[in-house]
Amino acid sequence: MKQFLTGKMLLPLFILLFSFTACLSSSEDSSDKQVKVVILHTNDEHAKIEPFSKLAKAVEKERAENDHVILVSAGDMFSGNPFVDYHQRPGSPIVELMNDVGYELQVLGNHDFDYGQETLKERMQEANFSIILANFTNEIGILDSIPPYHVHEFPEIGISLAFVGIVQTGRNGIPATHPDNIEGLTFTSGFDVMGEYLYLKEEHSALVALSHMGFGSDLRLAEMYPQIDVILGGHSHTRVEDGQIENGVLVTQTQANVQYLGKTTLIFEDGKLVDKYSRLVKIADLIDEDETIKAKIEEFKNNDVLNRKLISVDHDIKGKADLGCLITDGIRAGLDLDIAFQNGGGIRLQELPAGDIKVKDILTLDPFGNSVVVMNLTPAEIKNFLESRAGRIDLYVSGMSYDIITNKKGDYIDTEIKLDGGIAWDENKRYKVGVNSYVASTYQFEREDDGEDTFTKTSDLIIQFLDDQESIQYQNCERIRIIKR
Amino acid sequence: MQVFVNDHLIRIHEGAIVLDAIRSFDPSLSKMIGKLSIKDAYGNEISPDGSLLENEHIYIEKSNQSSEL
């Protein structure tokens, strides 16, 4: 039997259909009102220029696919690549590439001070992007005034983003760079200073902290200030795959060395932020490269800077004893230390032959990129340090000498230490002793002071030392003796 | 300062990086640093050259064998 739809049956169907259409229409209206802003970001580029040809293509693709895009860095563009660090104009290759790729903004990270303020100022003048930092004052420093924040407007959609820049400070109240690099600058806590800029949230569509404070600190910042919408971080080299929501704040970071491009998306409706999410794009997985930038990178790497002559020597500097003397003299002179030590395992050449010593020779002699850690040690602690090697000649030295005393069979008995120039030890004094960060972290011995990193590479100090000398003589350098009694 | 590697307390110099903490925890790991999975307390991967905060916890395991150290 056929059934026909009566008017009574049609009414509910009509209502249902109308509701569905109305609902669909409302949804379309809502979507129409939504606008998407994409913040592309990296952090801790550390002068790694090689990935920039792929990064350029990735940024170009995002700009083609999205109407409202900004590219920013969360700090530390410098330090970590000899082609950039030893460039005639240190840092200029990475600044030039960041200009090419179209960065708009960067916060100063601690390592951005590594080349000193004069050089930083020059690079800042060359940068086409804005550089911000809120938690410092420039009383007698060389740097021009640096704005604490930056506003990016998207006038076509009525959206503006406020970015506030902050950098970490250590227990000594300064960022992790050598204190000489920041002379005349006064730093304050990024946590405190961020609170002074929360008003920007009321004036703009979203508040973004561009934080070079480390992921753990960024989570704390989010706990303190839920008014912040997004924290784009750096410093701890953390890979935060999809961003982490902490106290309602989206916190993210792209590890380091341009391994990843961060893509943080903000969705606005009627000018209000209604959604936010983040993901990482792995640069190594990309295939397309910008050929112009690739050629420029090759040009930077063909730079003769590593062949720069530091000094000429008329004799071979042979063996660990002589090379150890050279290395430790360089470390001690560069940091004005009382004493410097170098472990034998860290000396990676058998000799520097007579003739020119070049930058690349020092980077081969001392290739690990270790920094110098300074400990304040008493004579007894210095003796402990040497005795921890149990009579082996392993620690080469400048500023003092030592004798390893053995019995007639060669069994270790004692270590006797002597300051240079026959000066008597002051048993109550703490001497400034420099060791590389490998020794500081692996050689265990009794001491009160754990030491403090100078954030200065041993190789940089040796290069500087050779640059400063008119001539050097390292033959039969006898600062360590084995004496049988 | 002090940090924790696999929940072991490590005393280390101020300003130390992740690599320093790992080689202080076990010097023999210096030569296999590229084969380690290194994570923070939230399970995020961190680089050996990343900075450390006071009392930070990091966790390492051999990435190819996934066995705890």
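Where chain A and chain B meet in this predicted model, the contact draws on 28 residues from chain A and 21 residues from chain B. The size of an interface is often given as the accessible area lost when the parts come together. Here the area buried between chain A and chain B is about 2,100 Å², and carbon and sulfur atoms give 44% of it. Of the area that chain A buries against chain B, 23% is supplied by A:H237, A:S441 and A:D450, more than by any other three residues.

One salt bridge joins the side chains of B:E45 and A:R239, at 2.7 Å from N to O. On the side of chain A that touches chain B, α8 (215–224), β11 (238–239), α13 (437–442) and β26 (452–457) each supply at least two residues. The largest share, five residues, comes from α13(A). Sorted by class, this side of chain A has seven nonpolar, 16 polar and five charged residues.

The interior comes next. In soluble globular proteins, nonpolar side chains tend to be buried together. The largest nonpolar core in this model has 63 residues, and A:F52, A:L161 and A:F163 have the most contacts inside it. Leaving aside neighbours within four places in sequence, A:F163 is in contact with residues including A:I39, A:V72, A:L105 and A:L232. Another core, of 58 residues, lies apart from the largest one and includes A:L306, A:C325, A:V397 and A:A440.

Over all chains the structure holds 27 salt bridges. In one of them, the closest N and O atoms of A:E50 and A:K301 are 3.6 Å apart. A:E50 lies in the loop between β1 and α2 of chain A and A:K301 in helix α9, so this pair ties together parts that are 251 residues apart in sequence. A:E50 is partly exposed, at 34% relative accessibility, and A:K301 is partly exposed at 28%.

The salt bridge between A:K383 and A:E387 has its closest N and O atoms 3.0 Å apart. These two residues are separated by about one helical turn because they are four residues apart in helix α12 of chain A.

A further salt bridge, 3.3 Å from N to O, joins A:E448 and A:R430. A:E448 sits in the loop between α13 and β26 of chain A, and A:R430 in the loop between β24 and β25, 18 residues apart. A:E448 is exposed, at 66% relative accessible area, whereas A:R430 is partly exposed at 32%.

Terms used
Residues numbered from 1 in each chain as written. Chains lettered and ligands numbered in written order. Predicted model: local features only at pLDDT ≥ 70, side-chain atom pairs only at ≥ 80, totals over all residues. Heavy atoms only, no water. Core = buried A, V, L, I, M, F, W, Y, C linked by side-chain atoms within 4.5 Å. Buried < 20%, exposed > 50% of the residue type's maximum accessible area, 1.4 Å probe, protein only. Contact = heavy atoms within 4.5 Å. Buried area = accessible area lost by both parts, 1.4 Å probe. Salt bridge = Lys/Arg side-chain N within 4 Å of Asp/Glu carboxyl O. Nonpolar A, V, L, I, M, F, W, Y, C, P; charged D, E, K, R; others polar.
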